[in-house]
Amino acid sequence: LEDAYALGEFLKLLRAKRIPRGSALVVESADRLSRESPVVALNLLTQLLLEGAVVVTLTPPMEYRTDADIGKLITAGVTIGRAHDESQM
């Protein structure tokens with residue numbers, strides 16, 4: 001799924017250690033990570049974090065790392081879920 005896009009390539013390079021841990025991925029909003037279901041998008045977010053990326057969103061301004069508190073992850077989940085619901089309508 002993610003292999004078809006540049007984000008999939010970024011994740012592959014992270015896994016191959018060709019992009020250093022701590023490198024930032026900047027996105028407009030967490031819902032821009034994937035147009036798939038919220039579960040798939042949250043899974044992608046956590047994969048990026050576990051591979052060492054820092055995910056930065058511009059709206060709301062947030063920085064996600066593996067040590068992110070649950071509140072930040074809930075914010076990402078709500079943003080992703082809301083955007084998915086809107087796109088379904």
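Which helix does G81 lie in? G81 lies in helix α3, and at 14% relative accessibility it counts as buried. Before going further, keep in mind that this is a predicted model, where local features need pLDDT of at least 70, side-chain atom pairs count only at pLDDT 80 or more, and totals for chains, interfaces and linings use all residues. Residues are numbered from 1 along each chain as its sequence is written, and side-chain values use heavy atoms, with hydrogens and water left out.

A few terms come up again and again. "Buried" means under 20% relative accessible area, "exposed" means over 50%, and "partly exposed" is in between (1.4 Å probe, protein chains only). Helices (H or I, at least four residues) and strands (E, at least two) are DSSP runs, numbered from the N terminus.

**Strands and how they pair**

- Two strands pair if DSSP finds at least two bridges between them.
- Strand β1 (residues 24-27) and β2 run parallel, joined by four bridges.
- In that pairing, V26 stands opposite V56, and V27 stands opposite T57.
- To get from β1 to β2, the chain passes through helix α2 (residues 38-50), making a right-handed β-α-β crossover. Right-handed here means that, with the strands pointing away from the viewer, the path from the first strand over the helix to the second runs clockwise.
- On its other pairing, β2 meets strand β3 (residues 62-64) in the antiparallel sense, over three bridges.
- T57 turns up again here, standing opposite M62 in β3.
- The link from β2 to β3 is a hairpin through four residues.

**Which side chains are tucked away**

- Strand β2 (residues 54-57) is covered on both faces: V54 and V56 are buried on one side, V55 and T57 on the other.

**The largest nonpolar core**

- A nonpolar core is a set of buried Ala, Val, Leu, Ile, Met, Phe, Trp, Tyr and Cys residues joined through side-chain atoms within 4.5 Å.
- The largest one has 20 residues, and those touching the most other members are L7, F10, L14, L25, L33, L48 and V55.
- Two or more residues each come from α1 (6-15), β1, α2, β3 and α3.
- Helix α2 gives the largest share of this core, five residues.

**The second largest pocket**

- Rolling a probe the size of a water molecule over the atoms shows where empty space is left.
- On a 1 Å grid over the protein atoms alone, a pocket is an open set of points where a 1.4 Å probe fits, with protein on both sides within 12 Å along at least five of seven lines; lining residues have an atom within 4 Å of a point.
- The second largest pocket holds about 160 Å³ of space. Grid points are joined across faces, edges and corners, and a volume is the space filled by probe spheres set on the points.
- Its lining is made up of D31, R32, S34, R35, E36, A41, I80, A83, H84 and S87.
- Helix α3 (residues 70-88) supplies the largest share of that lining, four residues.
- Sorted by class, the lining has three nonpolar, three polar and four charged residues. In this scheme Ala, Val, Leu, Ile, Met, Phe, Trp, Tyr, Cys and Pro count as nonpolar, Asp, Glu, Lys and Arg as charged, and the others, Gly among them, as polar.

- From G81 to D31 it is 50 residues in sequence and 7.8 Å in space, C-alpha to C-alpha.
- L42 sits in helix α2 and is partly exposed, with a relative accessible area of 30%.
- Between L42 and G81 there are 9.4 Å in space, C-alpha to C-alpha, though they are 39 residues apart in sequence.
- K17 is in the loop between α1 and β1, and it counts as exposed at 59% relative accessibility.
- K17 also has a positive phi of about 65°, although it is not a glycine.
- T75 belongs to helix α3 and counts as partly exposed, at 28% relative accessibility.
- T75 and K17 are 58 residues apart along the chain, with 29 Å separating their C-alpha atoms.
- P60 is placed in the loop between β2 and β3, and a cis peptide bond joins T59 to P60, with omega about -10°.
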